[in-house]
Amino acid sequence: MTLSRDVISLFDPDSTGCAAVARHIDFTEYEAEVPVHTHRKGQFILALYGAVTCRAENDIWIVPPHCGVWIPGGTPHSARATWNAHLSYLFVEPGAAALPEQCCTFAVSPLIRELISRLVGEDAHYPPDSHAARLARVTLDELVNMPQQNFNLPVSENPKIREMADALVSHPQDRSTLREWAKRLALSERSLARLMVRETGLSFGRWRQQLHLIIALRGLASGQSVQNVANELGYESVNAFITMFKKSVGCTPALYFSE
């Protein structure tokens with residue numbers, strides 16, 4: 001039996017009608033590939049350590065340490081965790097909280113981390129008037145008020161954009177220009193530029209920068225050095241990579257992970 005199947009079969013979140021239930025998953029010995037699946041309950045995936053990448057709603061979502069991705073109930077999604085990932089899953093009954101109807105990432109406070117950790121130890125079928133039920137209510141009230149963050153990469157179903165996106169995800173060091181990509185895809189540069197904005201909402205340069213940020217966050221969270229991540233992304237120098245990172249998140253990689 002593969003790890004992917006084991007992870008999904010660890011717990012069926014739809015077996016309980018409770019407002020929120022939590023589970024902790026430890027992937028310290030290997031990477032985990034969780035295939036596309038869906039459930040009635042919404043799912044909040046919190047990275048305590050390491051990182052996880054999710055695919056949902058034609059987007060790629062990165063969950064670095066101390067952040068979480070919200071996936072509404074009924075949304076098909078898959079996930080891939082780094083070898084050192086410690087994750088918490090919070091499953092939320094539809095209508096139990098005023099959470100977004102689309103996928104998004106949240107910053108997560110220490111209080112939310114502790115509340116979810118405490119809820120992990122509770123039975124999945126707690127009575128509605130129990131301490132666990134009150135704990136779940138506070139957890140959801142706090143989660144709703146967390147600020148959203150921009151850790152997603154839009155990936156269109158358009159075959160031209162999909163071809164380019166799949167290639168760059170597999171080979172992020174590829175520095176081909178928009179003109180070179182247009183030639184490969186049998187489009188004019190102007191047509192590809194318009195198609196990119198229409199399908200993803202981002203220019204080609206901004207989209208590739210967001211891709212690099214997602215790959216960088218995942219690599220750094222898994223323990224890679226800044227030098228190795230910069231090399232993987234094709235940057236000519238570490239300083240150039242740090243400049244991109246700082247422009248995207250507002251601080252250097254060292255400061256981001258120390259906080």
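Me: Is A186 buried or exposed?

Reply: A residue is buried under 20% relative accessible area, exposed over 50% and partly exposed in between, with a 1.4 Å probe and protein chains only. A186 has a relative accessible area of 65% and is therefore exposed. A186 belongs to the loop between α5 and α6 (189-200); helices (H or I, at least four residues) and strands (E, at least two) are DSSP runs, numbered from the N terminus.

Me: On what kind of model do these values rest, and how are residues numbered?

Reply: This is a predicted model, in which local features need pLDDT of at least 70, side-chain atom pairs count only at pLDDT 80 or more, and totals for chains, interfaces and linings use all residues. Residues are numbered from 1 along each chain as its sequence is written, and side-chain values use heavy atoms, with hydrogens and water left out.

Me: What is the phi of A186?

Reply: Most residues other than glycine have a negative phi. Phi of A186 is near 60°, a positive value in a residue other than glycine. E57 also has a positive phi, near 50°. E57 lies in the loop between β4 and β5 (59-63) and, at 35% relative accessibility, counts as partly exposed.

Me: How many salt bridges does the structure hold?

Reply: A salt bridge is a side-chain nitrogen of Lys or Arg within 4 Å of a carboxyl oxygen of Asp or Glu. The structure holds nine. One of them joins the side chains of E93 and K41 (2.5 Å, N to O). E93 lies in the loop between β8 (85-92) and β9 (104-107) and K41 in the loop between β2 and β3 (42-49), so this pair ties together parts that are 52 residues apart in sequence.

Me: With which residue does D174 form a salt bridge?

Reply: The partner of D174 is R184, and their closest N and O atoms are 3.4 Å apart. D174 is in the loop between α4 (159-170) and α5 (178-184), while R184 is in helix α5, 10 residues apart. R184 is partly exposed, with a relative accessible area of 46%.

Me: What is the volume of the largest pocket?

Reply: Rolling a probe the size of a water molecule over the atoms shows where empty space is left. On a 1 Å grid over the protein atoms alone, a pocket is an open set of points where a 1.4 Å probe fits, with protein on both sides within 12 Å along at least five of seven lines; lining residues have an atom within 4 Å of a point. The largest pocket has a volume of about 470 Å³, a volume being the space filled by probe spheres set on the points, which are joined across faces, edges and corners. Of its 23 lining residues, T53, R80, V169, I215 and R218 are the closest to the centre. Helix α7 gives the most to the lining, with five residues.
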